[in-house]
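Work through the exercises below with the sequence and the 3D view at hand. Each task is followed by its solution.

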Amino acid sequence: MKRLLAGMCTLGILAGSAGAVVSEMTPPPAEENTLVTTPAIDYTSSADVLYQLGLFQGIGYDTQGKPVYDLGARCTRAEAAVMLMRLLGLEEQAKTAPAAPFTDLKDWQKPAVNVLYQKGMISGASANKFEPEAPCTIEMYTTFMLRALGYSDKKGDFRYESAPVFGMQIGLADNFSCDIRDFRRDDAVQMSRMALDLKPKGAKNTLLMQLVNEGAVAKEKAEILYQENQKILEVLKKTDAAVPYAADVFASLIDHETGNTMSLQGSLVDHGTKAVLHGTLFVAMGKSYSVSQKVTVVRDSGGIFISPLGNRNYRDDQVAALLRETNLLSLVMSAVPARSLMGDVQVSGNTVIMPMAAGAAKLKFEETGALIERTLSMKLHNVSYNVSAKTTKSGTGIELFIPSNYWNFIQISHIG
């Protein structure tokens, strides 16, 4: 199945919603959990931001003069080194840096590798080989980004093998933005974009403002990005103020290419830092088989987990693969969808509209600030997504709501 959509919020696990019932839940046994990671969308918008800031270059230009990023290609060790050099503001120093001892570098690769080697930021694959065309892993790239942010594995800030986990904890990466099994240029672009909004260790300003102050990025270009970020921050603040948020949720996806369909319905309680959904997962894998199972989905700082994901009557590995390859759980478990998918945020009264890739998301608030409705609809890479969550209040408390026509989104036929 194609690499599909995903995302993750630059500003950390999204604030939003929940109720006190979370504290009463007994977490499912660790061995029953399946960690769901979601491959990255084609992050052209993030690549555009980096390109405009002078921090990322494509592989050339198309017939209209627009840069070609080749985001689906593997990220190499050399490309990762170039990005680290730029995020450290070392491009000018790199032009005159003493040569590193590696004999397998192309001319365009030498400046970045040379300056980073001299500063102790990178090492080779051997004494005289850097292996610049070797794939860059998520551990390596996250380590590079953490070093750009002033963290040091040598000083014990984090460990190389668990760099992605540490990156998630500080808001550099999350379950939306990276495919941990198949790290590519789009993953690298999105993590680099997210790094710009973070403050380096011990710093008062973000990495982007640090680059502006050092003259590595033009101030007027950074200001445009800052204004876009402020719109998103306002949405996050409003969502954060709406907690706790409790709602019944219905979500579905239809893969028009494979015939695979999935729906998830249940009661969601979201505290912002942790969200829990108890519900039922329906899956039909083409014409081969279908599944209906009670599940618990948990989102916390470690990612999104679904438990149990196992049934002797079906191939649970195929269901897990479908969950990994789509972002349905990510879209359900966060009050605000992936930041990287957003266009210009539009606010009309108590309603917030967020244009997304091939669709839109809507948040509706009460006058009191409570989040009462959120919907999302999009079609991307031949997959249709629908998410609906609504909470209404009466004199007796919270009434949970599921759209009466939810079966119109998806139909599951039991096969055999």
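**Exercise 1. Sort the residues that line the largest cavity by class.**

Solution. Start with the search: the whole structure holds one cavity of 30 Å³ or more. On a 1 Å grid over the protein atoms alone, a cavity is a set of points where a 1.4 Å probe fits but cannot get out, and lining residues have an atom within 4 Å of a point. The space in the largest cavity is about 70 Å³, a volume being the space filled by probe spheres set on the points, which are joined across faces, edges and corners.

Next, list the lining: L331, S334, A335, V336, P337, A361, K362, L363, R374, T375, L376 and V387. Now sort. Ala, Val, Leu, Ile, Met, Phe, Trp, Tyr, Cys and Pro count as nonpolar, Asp, Glu, Lys and Arg as charged, and the others, Gly among them, as polar. The lining has eight nonpolar, two polar and two charged residues.

Last, find the elements. Strands β11 (359–365) and β12 (371–380) each give two or more residues to this lining. Helices (H or I, at least four residues) and strands (E, at least two) are DSSP runs, numbered from the N terminus.

A note on the model: it is predicted, so local features need pLDDT of at least 70 and side-chain atom pairs count only at pLDDT 80 or more, while totals for chains, interfaces and linings use all residues. Residues are numbered from 1 along each chain as its sequence is written, and side-chain values use heavy atoms, with hydrogens and water left out.

**Exercise 2. Which element gives the most to the lining of the second largest pocket?**

Solution. A pocket is an open set of grid points with protein on both sides within 12 Å along at least five of seven lines. The second largest pocket holds about 410 Å³ of space. Of its 20 lining residues, Q57, E79, V82, R86 and W108 are the closest to its centre. Elements giving two or more residues are α2, α4 and α7 (185–195). Helix α2 gives the most, with six residues. By class, the lining has 13 nonpolar, three polar and four charged residues.

**Exercise 3. Describe how α2 packs with α4.**

Solution. Take the geometry first. Helix α2 (residues 77–87) and helix α4 (residues 110–118) meet at an angle of about 65°, and their axes are 8 Å apart. Axes are lines fitted to C-alpha atoms, for helices over the stretch in contact, and angles run from 0 to 180 degrees between N-to-C directions.

Then list the contact (heavy atoms within 4.5 Å). Helix α2 brings A81, V82, L84 and M85, and helix α4 brings P111, A112, V113, V115 and L116. The class count is nine nonpolar, no polar and no charged residues.

**Exercise 4. Which parts does the pair of Y151 and F166 tie together?**

Solution. The structure holds seven aromatic pairs. Rings of Phe, Tyr and Trp (its six-membered ring) pair if their centres lie within 6.5 Å; planes under 30 degrees apart count as stacked, over 60 as edge-to-face and the rest as tilted. Y151 and F166 are edge-to-face, at 5.3 Å centre to centre and 75° between the planes. Y151 sits in the loop between α5 (138–148) and α6 (163–170) and F166 in helix α6, so the pair ties together parts 15 residues apart in sequence.

**Exercise 5. Where is P244, and what kind of peptide bond joins V243 and P244?**

Solution. P244 lies in the loop between α9 (219–241) and β4 (245–255). The bond is cis, with omega about 0°.
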